[in-house]
Structures are given as structure tokens and as C-alpha cells.
Amino acid sequence: MQRGLWIVLLTLLLLQGCSTLPATQPVTSGNSRSLAGTWAFLPSGSAAMPAADARWQRIQVPANWYTQGYDHHGIAWYRLQFNAVADSATVSRLHFGGVDYFADVWLNGQKLGAHEGYFQSFAFDVTPHLKTGQNTLLVRVNSPLEKPQDFSLRKRLIKGIFAHHDTRPGGAWSERGQERNTGGIWGEVRLQQSPQVQLVPQQVLVQPTQGLTHWRVKVDLDVLGRLPADTQLQWTLGEWQGTSPVRDTLTIPVAHPKLWQPKGYGEQHLYTLSVSAVQNGTVLDSFQRTIGFRKVERSAQGIWKINHQRILLKGTNYIAHQWLSAMTPQDFRRDIALMQAAHINTVRVHAHVTAPDFYRLCDEMGLMVWQDFPLQWGYQDTPEFHQQAVSQVGDMIRQFGQYPSIIHWTLHNEPPWDADWMKWKYQDYHPQQNKLLDERLYKAAKTLDNTRPISAISSTKEHPWLGWYSGHWLDYAKPTKQSTIAEFGAQALPDRFALARILGEEPELPTSKADWKPWEYHNFQRKETLEIAKVASGKTLEQFITNTQQYQVQLTQLAAESYRRQAYQPVGALFQFMLVEDWPSMNWGVVDFWRKPKPGYYALQHAYQPILPSLAWTKVEYAANEPVRVGVWALNDSLTRIPHAHYRLTLWQGKQKRDTQDWQFELTPDMHRQLRDYLVPVNAAGAYRLEAEILDAQGKVVSRNEYRFTIQSQQ
């Protein structure tokens with residue numbers, strides 16, 4: 001399909017898909033009131049209560065404060081005055097969708113409590129403190145900086161890529177690397193009121209108990225308020241319904257549900273679970289959750305099955321945005337559509353937890369999620385930090401475990417004890433740092449969730465980075481020993497128009513160290529680009545942009561195809577790094593910050609085609625009279641079967657056709673097989689293009705690929 005036509009069709013898909021969106025909050029029977037809007041804001045930096053004459057400013061909630069024009073870190077105060085109705089028969093709860101990072105909360109002068117962590121929702125029972133009439137809510141938010149001397153071994157904040165990482169403003173290896181702080185009340189604040197009692201679901205776990213026919217839905221509950229006599233729990237789940245005494249854990253047996261399947265493997269069947277507290281026919285409170293039934297398996301060899309169907313995970317790494325409040329459901333839907341248009345079936349949410357809307361949409365659209373806990377590199381090995389990390393792992397699993405699209409948890413990305421590169425960078429590096437932490441995290445996670453595979457770490461050996469941090473891009477043609485390739489890729493510049501938006505001025509090709517400074521602040525890696533990848537700078541900026549983009553194209557296509565040819569022997573999952581730029585920057589994204597695809601996006605889209613005639617080669621330049629041998633492969637990641645398919649090879653030198661071969665074969669589902677070798681029958685100097693096509697029995701082209709190479713002239 002031509003690129004212009006594809007963009008038009010994708011635009012229509014996005015517009016159509018965004019026309020209606022489900023509610024982002026769980027549905028309840030009580031009065032759920034949003035406190036979103038304009039709040040008073042005081043970025044004082046002081047932990048002391050604001051003075052009576054403090055000069056409060058205005059801010060929108062929910063929002064990260066930087067998106068509201070406040071370039072601030074440390075302590076800031078929020079205040080909201082709102083009216084409410086309260087009585088002794090009403091249970092009231094104040095719910096926060098997300099605060100970055102420390103939060104202390106007061107209502108009408110009474111401290112409700114404190115919370116640590118950026119991604120979790122949390123709530124307080126405000127029944128004793130809420131008044132009829134005007135109420136004053138006060139929140140102290142503290143989003144501090146990590147100390148530069150703690151990079152990258154002794155960090156204190158569980159914020160993953162939002163605290164210290166090479167994709168954030170300033171980069172990882174600069175004291176400027178924490179600019180544009182992510183602090184603030186970024187999730188919605190709601191007041192939930194119910195008569196007499198509130199049901200608070202703590203965890204919803206969907207477990208297969210016998211093959212794929214019998215299941216158990218386990219719901220852990222907290223009950224707030226006074227429970228009247230004769231109150232029962234009533235539940236409905238699709239065609240199933242029942243009653244139960246009120247208890248901390250509700251177990252629901254389900255037989256023969258329709259299964260949730262990844263896109264391309266079946267329908268995304270989802271069910272609404274509704275649980276109500278009922279007394280004498282009156283509903284006191286209820287809640288709803290959307291769940292799905294699916295079984296995830298990963299073998300000891302790292303091979304994946306969903307509902308007993310073997311699947312090669314073809315993925316990308318994803319950081320949606322530097323400020324989570326900036327992402328709307330429409331934005332997430334657009335990004336998921338970009339992934340699926342590139343034949344991506346799994347997304348790794350890289351070293352952070354993103355907003356709940358993303359996971360809900362992945363459920364609906366059939367995109368599998370490889371979910372990281374927000375630990376990136378090294379952290380303090382203290383009892384206090386270990387305890388906090390274990391607590392937050394539990395929060396992640398309880399809060400997000402209901403989403404069937406999440407098929408995997410990873411608990412720590414490149415920890416010090418697995419990152420040999422750190423011993424060259426830090427004199428006080430200890431080879432066992434954070435190892436006990438990761439063991440504790442893994443034990444805690446396994447206790448909470450037995451329905452998904454869990455990895456204690458994402459290991460550096462799973463991040464080859466050939467042709468970028470070491471080696472040569474052609475090294476991707478060599479066999480790997482890893483079943484999981486969690487990161488591979490290269491940086492590429494966006495177009496000149498985007499560069500101007502990034503730099504704030506008309507860009508020029510840098511010629512001095514000072515010229516490179518703004519580029520490096522926006523994460524451009526000069527050493528890796530020029531010295532390791534050996535990308536030619538060219539004579540003009542346009543040439544340099546093209547050269548970086550073409551380097552990303554060739555590396556992406558070679559790596560993706562090579563790993564696909566090694567499907568199940570040993571590769572079970574591969575993840576390009578990364579899909580989009582999460583702020584106006586010059587990172588590894590194949591799509592720029594404004595969601596304009598770079599050429600690398602189309603290379604990934606091409607290499608990830610479910611049916612692909614793949615060509616195995618190890619070089620692009622040959623000496624005179626050197627044999628040119630190409631492995632001819634048929635790859636099929638889909639359930640499609642094409643009997644009497646044809647494979648066609650055509651060798652071109654310029655516009656001249658030099659050779660054609662055509663033969664029949666059977667294309668079967670989940671097929672990754674070499675059909676034969678092709679020995680190029682000419683050795684004349686020049687540039688060549690070998691075109692490969694798979695055709696159906698009627699002669700229609702199903703998929704096309706090509707390999708370009710050069711034969712040098714004799715000296």
C-alpha cells in the first residue's frame with residue numbers, strides 16, 4: 001500500500017475509533033463527584049503550613065504542574081474549597097487517581113494521611129471529617145530531585161524513566177537530566193459517597209482452574225461503614241449471577257466463558273463484573289470492573305502461548321509522554337492504532353506504569369502488554385527502600401492485575417548486579433547491589449499473582465544494542481542465544497520542521513562543541529551516532545537527517561527479520577526501542593513527538609508483516625567474484641493458511657531483470673522455515689536488488705520484500 005493512502009486510512013480509523021469512549025472511572029451506585037477544575041496552588045518549596053497571607057496562584061487539576069506553566073521541583077501546596085452534604089448515614093471516601101510523588105492530605109484541618117508513589121490510586125475515608133456546607137481540602141505534594149551523586153546507583157524515588165533516564169529532558173548523564181519535573185496531582189480527584197456502606201475492591205484475579213473451561217474470579221474486598229444486618233453480596237458476570245454473605249474475599253466460579261484473544265487470534269471478549277451490597281432489596285453500594293478470561297504461558301525456553309496458542313511476541317518499547325496528565329484516551333487510542341498498523345502485537349511499557357486508560361484500551365483493541373515496574377538502574381539498599389518497593393509492587397499488581405491485556409510483569413530494568421557497564425562508570429560499584437531487593441520483589445509479586453509470568457529483571461544481555469553502544473549493525477545477522485530481546489534500535493532525527501520545533505529556532509548542522517549542546521540536551525547521542533554507528537554527517541543538515549533515518553531503517557529491518565527467522569529457536573519475544581518520542585526530543589522513536597512517522601516506522605511495519613518472504617544475508621557489499629548467497633525464508637506469524645502458494649525471486653540490476661525463479665509451496669500457520677538458498681547467478685560489478693514475493697494460488701501478491709547489495713569492481 002502506498003504511504004499516502006495508508007496515512008489517509010489510518011486517519012479515518014482514528015477518527016472513527018475516537019467517536020465514543022467508555023468512562024475512565026469504575027462505575028458505582030453511590031454519588032461519585034469529580035473535584036476536577038481550578039484549584040489554588042502554592043509552589044513554596046516549604047513543608048510548613050502556608051501562612052494566612054500566602055499568595056496562592058491558580059492551577060488546573062488534574063495536571064502535572066509543569067504542563068500548567070510551573071517549572072518547579074520539591075514541595076507545592078494545593079487547596080480546594082468545595083461544598084458537600086454529609087450525615088451519619090453516609091459513607092464518604094476521597095479518591096486520588098495519581099499524585100507524583102509524596103502526598104500529605106488534610107480535610108478541614110484534620111490530617112487524613114500520606115502516600116508515596118506516582119502511579120497508584122489511593123483513597124481516604126473522610127466520613128468523620130466531611131461537613132455539610134463548605135469544606136477545605138489541602139494537599140502537600142513533594143516531587144523532589146534525585147541527588148546527582150546518587151546517579152545511577154543510589155536513587156531514592158520509585159519513578160523509573162520519570163526520575164533519571166536517558167529519554168527525559170537533559171538525558172541521564174547530566175545534572176540537567178531532571179529538568180521539567182513531573183510532579184503534581186496528575187490523576188482525577190473524586191468524592192465518593194454511599195449510604196451506610198462502601199465496597200472497595202482491592203484485587204480482582206481471574207484464574208483458570210481446569211484447562212480453558214472452568215475459571216475462578218477471586219475478588220478481595222474492603223468494606224467501609226456499618227454493615228446492616230441481613231446484607232448480602234449480589235454479583236453478576238455476563239450470564240452468571242449469584243449471592244454470597246459479605247466477606248473479605250468473594251470467589252465466583254465460571255464455566256465455559258468466551259476467551260479474550262489478542263488481535264488476529266480471535267475476539268476480545270470482555271465481561272462486566274458487578275458486585276453490590278444489598279439489604280432487603282435495596283442496593284447500598286456497588287462497583288463494576290471489566291475483566292477477561294485468558295491463559296498465559298511461558299515455557300522454560302521463553303516461548304509464549306496465549307490460550308494454548310503459540311505466539312511470537314513482536315513488540316516495541318513505549319513511553320507515551322513525559323507528563324501523564326497530557327495523555328487523553330484519544331491519544332492512547334491513536335498510539336495503539338499506530339502500533340497495530342505496524343503489526344505490533346505486544347507493547348513493553350518501559351520502566352514505568354502509565355495511565356489506566358491505556359490498559360483499558362489495550363483490552364478493547366487486543367494489544368498485549370509487557371508491564372515493567374518503575375525501577376531503572378540502581379537504588380539504595382536500605383530496609384526502608386526495600387519495604388517501600390515491595391509495597392508499591394503490590395500496589396501495581398492489585399490495581400492493574402484486572403486487565404487481561406497485561407500478560408507479564410518485569411520488576412527491575414538493568415539492575416546494578418546485572419549491569420556490568422556500571423563497574424566502568426562508578427568507582428564504588430558493588431556487583432551484588434539490589435540483588436536482595438529484586439529477590440524480595442519477585443517473591444512478593446509471585447505471592448499476589450499466579451496468572452502471569454513474572455521476571456525479576458530485564459537483563460542487559462536481553463538488550464543487545466548492536467551498532468549503537470557496541471558492535472556493528474550487521475551483527476544482528478548473527479544467531480542469538482537469548483529467547484527475549486527486550487531492546488534493540490538506533491536513534492534517528494525527525495524532519496527539519498520538527499527539529500525547528502524542538503530547538504526553538506531554525507536548525508543548522510552543528511560544527512562545534514557548543515553547537516552540539518542543545519542537541520545533547522534533547523537526548524541526541526553524538527558519540528554513538530558518529531563514532532560507533534559511523535553515520536556520515538554529510539555536508540548539509542538535510543543530508544545528516546537522511547543519513548540518521550536510513551541508518552535506523554537498515555538496522556531495524558535487519559534486526560527484526562533476523563530475530564523473526566529465529567522464532568522459537570530460541571527467540572520468543574522481540575521489542576524494538578522505541579515507538580514514540582515522549583517529549584520534543586531526538587531519541588530512538590520511530591515516530592516523532594507529534595506522532596509523525598519517521599522512515600524507521602515503515603521499516604518496522606514492513607519487517608513485522610505477519611506473512612513475510614524474508615531474505616537472510618550478512619553483508620551488503622561484496623568483492624569482485626565473491627559468491628552472493630541468500631537464505632530464502634517464509635515467515636508466517638498468523639493463523640492464515642495458503643495452500644498452493646508461490647514464492648517468486650527476481651534479481652534486478654537497475655531496470656534490467658537478471659534472473660527469475662518461481663516455485664510452489666504450502667504456507668502453513670505459525671510457520672518460520674528456510675525454503676532454500678539462492679546463489680546470485682551474476683558477478684558483474686554494480687548495484688543489485690533481489691525482490692522476493694509470496695503469492696496466493698490465484699497469483700495475487702500477499703507480501704513483498706527486497707535485499708539491496710553491491711558487487712565491487714575488480715581492482
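Colleague: What relative accessible area does Arg-648 have?

Modeller: The model is a predicted one, in which local features need pLDDT of at least 70 and side-chain atom pairs count only at pLDDT 80 or more, while totals for chains, interfaces and linings use all residues. Residues are numbered from 1 along each chain as its sequence is written, and side-chain values use heavy atoms, with hydrogens and water left out.

Arg-648 has a relative accessible area of 28%, so this residue is partly exposed. The classes are set with a 1.4 Å probe on protein chains only: buried is under 20% relative accessible area, exposed is over 50%, and partly exposed is in between.

The side chain of Arg-648 forms a salt bridge with that of Glu-693, with 3.3 Å from N to O. A salt bridge here is a side-chain nitrogen of Lys or Arg within 4 Å of a carboxyl oxygen of Asp or Glu. Strands (E, at least two residues) and helices (H or I, at least four residues) are DSSP runs, numbered from the N terminus. Glu-693 counts as buried, because its relative accessibility is 5%. Through shared partners, salt bridges join Arg-648 and Glu-693 into one network with Asp-662, Arg-689, Glu-691, Arg-704, Glu-706 and Arg-708.

Two strands are said to pair if DSSP finds at least two bridges between them. Strands of a sheet pair through backbone hydrogen bonds, either parallel or antiparallel. For β36 and β37 the sense is antiparallel, over ten bridges; one of the bridge partners in β37 is Val-701, which faces Leu-695.

A polar contact of 2.7 Å joins its side chain to that of Glu-706. Such a contact is a pair of N or O atoms within 3.5 Å; within protein, one must be able to donate a hydrogen and the other to accept it, and residues adjacent in sequence count only if both atoms are side-chain atoms. Leaving aside neighbours within four places in sequence, Arg-708 is in contact (heavy atoms within 4.5 Å) with Val-620, Tyr-688 and Arg-689.

How many salt bridges does a search of the whole structure find? The search finds 39. One of them joins the side chains of Lys-314 and Asp-637, at 3.0 Å from N to O. This pair links distant parts of the chain, 323 residues apart: Lys-314 is in strand β23 (residues 313–318), and Asp-637 is in the loop between β32 (629–636) and β33 (642–653). Both Lys-314 and Asp-637 are buried.

Another salt bridge connects Glu-542 with Arg-496, whose closest N and O atoms are 2.3 Å apart. Glu-542 is in helix α10 (residues 541–565) and Arg-496 in helix α7 (residues 496–503), so the pair ties together parts that are 46 residues apart in sequence. Glu-542 is partly exposed at 41% relative accessible area, and Arg-496 is partly exposed at 27%.

Four strands form an open sheet in the order β1-β12-β5-β9, with antiparallel pairing. β1 (31–34) and β9 (122–125) each have a single partner strand, so one side of each edge strand is left without a neighbour in the sheet. Strand β5 (residues 90–96) pairs with β9 over four bridges, in the antiparallel sense, and Asp-125 in β9 is the bridge partner of Arg-93.

In the loop between β8 (110–116) and β9 is Gln-120, which counts as buried because its relative accessibility is 1%. A polar atom of the Gln-120 side chain lies 3.3 Å from the backbone oxygen of Glu-116. The side chain of Gln-120 also makes a polar contact of 3.0 Å with the side chain of Asp-395.
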